[in-house]
Amino acid sequence: MQLWIDTGNLEEIRTAQSWGVIDGATTNPTLIAKEGHKDFKGVIQEICSIIHPGPVSAETVTTTAEKLIPEAHEIASWAPNVVVKIPLIPEGLKAVKVLSGEGIRTNVTLCFSPAQALLAAKAGATYVSPFVGRLEDRNEDGMRVVEDIVDIYANYGIATQVITASIRDTLHVTQAALMGAHIATLPFAVLKRMYDHPLTDIGLEGFLADWRKLQES
Ligand code: E4P
C-alpha cells in the first residue's frame with residue numbers, strides 16, 4: 001500500500017520525504033490556508049518537486065464543469081506529477097469524464113459512500129478519496145465504507161485506486177492495508193506515530209546500555 005502525506009506544511013513534507021517511506025502527497029484548500037500560503041501555484045510546484053516523481057493532489061475551487069475543466073487544465077500544467085482534485089458532485093464528475101479522456105489524472109474527493117465511489121469510477125477517476133475520520137465524527141463506520149469500495153472495485157476489475165483519507169490515527173492505516181486499499185494519505189502526526197512502540201524504545205535503551213557496559217569493562 002502506498003503512503004501519502006496529507007498536509008500543506010512544506011517542512012513536514014520535506015521531513016517525511018527524507019524518511020524514505022512516502023509515495024505521494026495530498027493537499028486541500030483548508031490545509032493550504034492553515035499554512036497561510038497565498039501563492040497556490042508556487043506551493044504546489046514546490047511540493048511536486050519535493051515528492052517527485054510521486055503524485056501530488058492539488059484541489060480545484062470551482063463547482064461547474066465549465067469552470068472545473070479549464071481550472072484542471074491550468075493545475076495539470078504546473079508539474080508532471082500533479083493530480084487534480086475534483087469534488088464528488090455531478091458537475092465534478094462531468095468534468096472528470098472529460099479530463100480522464102484527455103489523460104489528466106484526477107482524485108475525486110469528498111467521497112462518503114460506496115455509491116458515490118461507483119460513480120467516480122464510472123466517470124474515469126484515477127483515484128477516489130473516502131473520508132474516514134469525517135464519517136466517524138458522525139458516528140458512521142468510515143472504514144466499512146473503504147472496505148465496501150475496495151470490494152466493489154475488485155468485483156468489476158475497476159482501475160480507480162482507493163485513497164483512504166481523513167485519517168485520524170495509525171489504526172486507520174493498518175485497517176486500510178488489511179482491506180487492500182491502494183493508498184492511505186495521512187497527517188504528519190499520524191506518520192510519526194506509525195514509528196512508535198514503547199518496546200522499541202525500551203529495547204534500544206537496553207541494547208545501548210549493554211553495549212556501553214561492554215566498552216567500559
Ligand atoms: C484528503 O485528501 C483530505 O485532504 C484530508 O484527508 C481531509 O481530512 P480531514 O477530515 O482531517 O480534514
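This is a predicted model: local features need pLDDT of at least 70, side-chain atom pairs count only at pLDDT 80 or more; totals for chains, interfaces and linings use all residues.
Q: Fine. How far is the side chain of K85 from an oxygen atom of the ligand?
A: An N or O atom in the K85 side chain sits 2.7 Å from a ligand oxygen.

Q: And what about N28 and R168?
A: For N28, a side-chain N or O atom is 2.7 Å from an oxygen of the ligand. R168 has a polar side-chain atom 2.8 Å from a ligand oxygen.

Q: How much of the ligand's accessible area does the protein cover?
A: 86% of the 350 Å² that the ligand has on its own.

Q: Which residues are around the ligand?
A: D6, T26, N28, K85, F131, R134, A165, S166 and R168.

Q: Switching to N81: where is it found?
A: N81 is in the loop between α4 (65–76) and β4 (82–87).

Q: Buried or exposed?
A: N81 counts as buried, because its relative accessibility is 3% and the cut-off for buried is under 20%.

Q: Which backbone oxygens does its side chain reach?
A: The N81 side chain gets to the backbone oxygen of C48 at 3.0 Å, and one of its polar atoms is 2.8 Å from the backbone oxygen of G54. Beyond its sequence neighbours within four places, N81 is also in contact with residues including I51, H52 and R105.

Q: Last one: which residues make the nonpolar surface patch?
A: W19, V21, M194 and Y195, at about 350 Å². Y195 is in the loop between α10 (188–194) and α11 (198–216), and is partly exposed at 45% relative accessible area.

Technical notes
Residues are numbered from 1 along each chain as its sequence is written. Side-chain values use heavy atoms; hydrogens and water are left out. Helices (H or I, at least four residues) and strands (E, at least two) are DSSP runs, numbered from the N terminus. Buried means under 20% relative accessible area, exposed over 50%, partly exposed in between (1.4 Å probe, protein chains only). A polar contact is a pair of N or O atoms within 3.5 Å; within protein, one must be able to donate a hydrogen and the other to accept it, and residues adjacent in sequence count only if both atoms are side-chain atoms. Contact means heavy atoms within 4.5 Å. Patches are made of residues with over 30% relative accessible area and no salt bridge: like charges are joined within 9 Å, nonpolar side chains (Val, Leu, Ile, Met, Phe, Trp, Tyr) within 5 Å. Accessible areas come from the Shrake-Rupley method with a 1.4 Å probe; for residues, only the protein chains shown count as cover. A salt bridge is a side-chain nitrogen of Lys or Arg within 4 Å of a carboxyl oxygen of Asp or Glu. A residue is near a molecule or strand if one of its heavy atoms lies within 4 Å of it.
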